[in-house]
Amino acid sequence: MKKVKADPKGVLTGAHYLDGDYALAEGALAAGCRFFAGYPITPSTETAERFSERIPSVGGVFIQMEDEIASIAALIGAVWGGKKAMTVTSGPGFSLMMENIGLACMMETPLVIANVQRGGPSTGLPTLTGQQDMMQVKWGSHGDYEIIALCPDSPQECFDLCIDAFNLSEIYRVPTFIMADECVGHMHEKVVIPPAEEIELVERKWFKGPKDKYLPYKPDKDMIPFMVKAGDGHRFHTTGLTHDERGYPALNAEFQEVCVRHLVEKIRMNADKIIKLEEDEIDNAEIIVISYGITSRVTTRAVQQARKAGIKVGTIRLITVWPFPEKRIKELAKKIKAFVVPEINYGQIVREVERCVEGQAPVIHIPHCGGWVHDPDEIFKAIKEASK
Amino acid sequence: MSEIRFSGFGGQGIIRCGLIAGKALSLFDNKQATMTQSFGPEARGSACSSQLVVSDDRVLYPYISAPEILISMSQEAYEKYEPELRDDGILLIDKDLVKSKPSRGKIKTYSVPSTRFAEELGNRIIANLVMLGFFTAITRIVSPEAMKKALPGLVPGRFLELNKKAFDKGYEYGKKILTEEKKPKKK
């Protein structure tokens with residue numbers, strides 16, 4: 001894994017007042033993204049707008065595609081052509097992307113997709129918030145695969161996590177997702193962009209051997225195969241079919257196990273290295289509130305209230321939602337009185353928590369249908385109830 | 001912590017007001033200001049609003065619930081948002097565009113002919129800057145220096161000076177009103 005400094009050309013160093021959508025675009029440009037293909041959809045359109053304005057000045061390409069499935073196809077092509085690439089969307093567009101997200105996973109193509117979530121299902125609430133695609137991002141395409149998904153809680157984190165997302169996607173050759181939401185995407189706050197030399201990027205793992213010896217799916221010691229730039233003279237093949245190390249179709253159970261197991265294990269076995277959590281006052285906690293994205297900010301207000309009332313409550317903010325931090329939750333389940341999980345959906349990540357807790361403690365879900373954030377009071381009441 | 005709502009009709013630069021004040025507070029006045037805005041059909045031509053939550057610490061709840069400052073530049077927006085203004089809040093209105101009801105509770109109402117002033121300066125499009133200057137003088141929640149520093153990038157470069165002039169006009173008018181308010185009333 002070779003680390004390099006960011007190219008100053010893409011880095012808008014300084015303090016800005018930006019919304020989360022704009023910050024996503026700035027994060028991507030700072031991370032060296034030089035290709036964007038997408039189809040505008042509220043509430044993610046501002047990211048596309050910003051890209052279209054900014055990317056020509058850094059020598060990149062912006063394409064408005066005919067739809068979202070084509071956007072992912074274009075990204076895959078750009079990445080195999082040697083670029084770092086990104087797209088943004090929201091619920092309906094995300095659904096359309098699913099087939100080619102599977103293709104990107106199977107082809108082990110590093111790319112970044114931001115979903116600025118809005119209320120669903122279907123066209124739902126175009127201009128209002130939701131956190132209802134949290135399971136879709138993990139399970140939306142068919143077959144077994146793993147992805148990485150991060151959840152920003154502010155415009156600043158939209159910038160920061162975008163850089164992390166590009167790095168993770170390159171390290172593990174996997175599509176990486178930023179699961180923002182309308183509230184974070186559309187809110188304006190201060191965003192500090194550091195100087196280019198303070199931004200550390202992971203360089204793609206380029207193959208340096210003889211051109212006729214390249215094997216696009218031969219795992220290296222760290223499990224991750226090398227990449228090449230299409231058109232540089234290497235002979236290679238890549239496909240959505242189950243394949244061998246050469247990338248040629250190998251359609252039997254034996255290769256299926258090697259191929260799919262690799263897609264899953266390269267993430268699961270590195271989960272500890274990937275997962276980022278923000279924990280607060282966990283050590284003496286009786287109750288733990290687990291939340292992510294905008295909900296974690298609202299949660300903090302409820303937790304302050306609960307602590308004032310003398311309740312021993314800790315918090316875990318899931319910066320990484322996938323892979324899910326099951327080891328940590330399992331560990332805590334043994335000693336915690338109850339878990340509280342607020343999220344803007346009718347029960348998604350709470351199921352993962354329940355799975356990890358294995359019945360050792362009650363898991364209290366605070367659902368919200370979308371369109372707005374939780375009332376902190378509602379979360380406070382649940383904490384109080386759980387502490388009894 | 002303060003909650004502020006700028007309101008008017010789409011096209012008056014209401015969102016821009018939130019952006020300028022939010023940027024001024026966050027980047028130049030050492031505060032944390034979170035700005036959200038109304039999206040959807042209501043933002044296109046009819047009542048439109050932008051909201052600011054201002055705090056010394058991190059803003060946790062991003063939306064406003066009971067603002068202490070309401071700025072209304074249209075009758076429709078005034079009628080829509082006035083009921084949520086706190087009983088001890090401050091109401092700022094455009095003198096010619098908003099006809100206010102008798103104020104309730106301890107609400108203090110201040111009015112400025114922002115659109116008329118902007119027309120006198122040559123362009124009604126800068127009425128929002130007159131209002132921002134007035135808002136800065138009356139509420140003192142943000143410094144005029146920070147507001148002016150926030151303008152580049154948020155108003156077109158070639159109109160920067162005109163926008164500053166509009167801001168000053170509103171600011172001076174606001175200061176004058178405050179001074180008169182302090183003077184003992186003649187019997």
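# A walk through chains A and B

Start by selecting helix α2 (residues 45–54) of chain A, where A:E46, A:T47, A:A48, A:R50 and A:F51 are buried. Here "buried" means that 20 or more other C-beta atoms lie within 10 Å of the residue's own, "exposed" means 12 or fewer, and "partly exposed" is in between, with C-beta atoms placed from the backbone. The model you have open is predicted, so local features need pLDDT of at least 70 and side-chain atom pairs count only at pLDDT 80 or more, while totals for chains, interfaces and linings use all residues. Residues are numbered from 1 along each chain as its sequence is written, and chains are lettered from A and ligands numbered from 1 in the order in which they are written. Helices (H or I, at least four residues) and strands (E, at least two) are DSSP runs, numbered from the N terminus.

**Around α2 of chain A**

Now show what covers those buried residues of α2(A): the cover includes β2 (14–19), α1 (20–30), β3 (33–38), β4 (61–64), β5 (84–89) and β6 (112–119) of chain A.

Keep α1(A) and α2(A) on screen. Their axes come within 7 Å and cross at roughly 45°; axes are lines fitted to C-alpha atoms, for helices over the stretch in contact, and angles run from 0 to 180 degrees between N-to-C directions. That angle makes α1(A) oblique to α2(A). Angles under 35 degrees count as roughly parallel, over 145 as roughly antiparallel, 65 to 115 as roughly perpendicular and the rest as oblique. The crossing of α1(A) past α2(A) is right-handed, meaning that the near helix is turned clockwise from the far one by less than a right angle.

Which residues make the contact? From α1(A), pick A:D21, A:Y22, A:L24, A:A25 and A:L29, and from α2(A), pick A:E46, A:T47, A:R50, A:F51 and A:R54. Contact means C-beta atoms, placed from the backbone, within 7 Å. By class, this contact has five nonpolar, one polar and four charged residues. Ala, Val, Leu, Ile, Met, Phe, Trp, Tyr, Cys and Pro count as nonpolar, Asp, Glu, Lys and Arg as charged, and the others, Gly among them, as polar.

**Along α6 of chain A**

Next, select helix α6 (residues 155–172) of chain A, which has 18 residues and reaches 26 Å from its first C-alpha to its last. Of those 18 residues, 17 are buried. Just after α6(A), click on A:R173, which takes a positive phi of about 50°.

**Two single residues**

Zoom to A:L215, in the loop between β11 (200–202) and α8 (253–268) of chain A. A:L215 counts as partly exposed because it has 16 C-beta neighbours inside 10 Å. Leaving out residues up to four places away in sequence, A:L215 touches A:E245 and A:R246.

Then go to A:E354 in helix α12 (residues 349–357) of chain A. A:E354 is partly exposed, with 17 other C-beta atoms within 10 Å.

**Across to chain B**

Show both chains: 14 residues of chain A are in contact with 14 residues of chain B. On the side of chain A that touches chain B, β2, α7 (182–186), β10 (188–193) and α10 (294–308) each supply at least two residues. The largest share, four residues, comes from α10(A).

Finish in chain B with helices α1 (residues 14–28) and α4 (residues 127–139), whose axes come within 10 Å and cross at roughly 40°. That makes α1(B) oblique to α4(B). In α1(B), B:I14, B:R16, B:C17, B:I20 and B:A21 meet B:N128, B:M131 and B:L132 in α4(B).

Terms used: Expected span 1.5 Å × (residues − 1). Contact = placed C-beta atoms within 7 Å.
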